[in-house]
Amino acid sequence: MPDKVLGTQPTSLPESKIRSVQFLGPGTWFDAEGKARREPQLVDLSVTTGSYGPTATLSVHHDIWGLFDFRGRPHHDVQTKNAPRLADALRELNTELGVTPEIGEPTYFGVATAFGIATPDADEDGFGPNLTDKL
């Protein structure tokens, strides 16, 4: 990918520099039975360069990474098949950029951890928060 990005430099501006790249990512996730599913916007990755070095921001757009779906129903089998992949991707990104992760701000849909999504508290019936009012 870096070669493709560098290849977009205009020949009329040889001194130009790439400051920011955003990758809007379709991807594959796995359902409870292990069947691969395609999602048009599974993740977004933005990489920005500066005098202090590169920074990256990763955003995820699905409930597959956490213990509960957006309705608050536990889906351990889905999380087990997908959350480790997110953790591996975050570790690889940190290694490639040579950085220590900084946790972003919590959102209505979740709280980031260094290598995934925090598990919200369950209610007395074992359900998480129902977040569908914002979908």
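Select Asp-69 to start. Asp-69 is buried, at 9% relative accessibility (buried means under 20% relative accessible area, exposed over 50%, partly exposed in between, with a 1.4 Å probe and protein chains only). The side chains of Asp-69 and Arg-73 meet in a salt bridge, 2.7 Å from N to O (a side-chain nitrogen of Lys or Arg within 4 Å of a carboxyl oxygen of Asp or Glu). Arg-73 is partly exposed, with a relative accessible area of 40%.

This is a predicted model: local features need pLDDT of at least 70, side-chain atom pairs count only at pLDDT 80 or more, and totals for chains, interfaces and linings use all residues. Residues are numbered from 1 along each chain as its sequence is written, and side-chain values use heavy atoms, with hydrogens and water left out.

**The other salt bridges**

How many salt bridges does a search of the whole structure find? It finds 3.

Go to Arg-37 and Asp-31. Their side chains form a salt bridge, 2.9 Å from N to O. Arg-37 is partly exposed, at 34% relative accessibility. Asp-31 is buried, with a relative accessible area of 7%.

Next, select Asp-88 and Arg-91. The closest N and O atoms of this salt bridge are 4.0 Å apart. Both residues sit in helix α2, 3 residues apart, so about one helical turn separates them. Arg-91 is partly exposed, with a relative accessible area of 41%.

**The whole chain**

Zoom out and colour by secondary structure. The protein chain has 2 helices and 5 strands (DSSP runs numbered from the N terminus, helices being H or I of at least four residues and strands E of at least two). From the N terminus on, the order is α-β-β-β-α-β-β. The C-alpha trace spans about 65 × 30 × 30 Å along its principal axes. Of the 135 residues, 21% count as buried.

Pick Leu-6, in helix α1 (residues 2-6). Leu-6 is exposed, with a relative accessible area of 56%. Draw a C-alpha to C-alpha distance from Leu-6 to Thr-132: 41 Å in space, for 126 residues in sequence.

**The largest pocket**

Turn on a pocket display. Rolling a probe the size of a water molecule over the atoms shows where empty space is left. A pocket here is an open set of points on a 1 Å grid over the protein atoms alone, where a 1.4 Å probe fits, with protein on both sides within 12 Å along at least five of seven lines; lining residues have an atom within 4 Å of a point.

The largest pocket has a volume of about 1,200 Å³ (the space filled by probe spheres set on the points, which are joined across faces, edges and corners). It is lined by 45 residues. To find its centre, select Leu-58, Ser-59, Gly-104, Ala-112 and Ile-117, which lie nearest.

Which elements each supply at least two residues of this lining? They are β3 (55-60), α2, β4 and β5 (116-117). The largest share, 6 residues, comes from β3. By class, the lining has 26 nonpolar, 15 polar and 4 charged residues (Ala, Val, Leu, Ile, Met, Phe, Trp, Tyr, Cys and Pro count as nonpolar, Asp, Glu, Lys and Arg as charged, and the others, Gly among them, as polar).

Stay on Ala-112, in strand β4. Ala-112 is partly exposed, at 32% relative accessibility.

Of its 18 lining residues, Val-43, Leu-45, Leu-58, Ala-89 and Leu-93 are closest to the centre. Two or more lining residues come from each of β1 (20-30), β2 (36-48) and α2. The largest share, 8 residues, comes from α2. By class there are 12 nonpolar, 3 polar and 3 charged residues.

**A surface patch**

Last stop: select Tyr-108, Phe-109 and Leu-135. They make a nonpolar surface patch of about 320 Å² (patch residues have over 30% relative accessible area and no salt bridge; like charges are joined within 9 Å, and nonpolar side chains, Val, Leu, Ile, Met, Phe, Trp and Tyr, within 5 Å). Accessible areas come from the Shrake-Rupley method with a 1.4 Å probe, and for residues only the protein chains shown count as cover. Phe-109 lies in the loop between α2 (76-97) and β4 (112-113). Phe-109 is partly exposed, at 36% relative accessibility.
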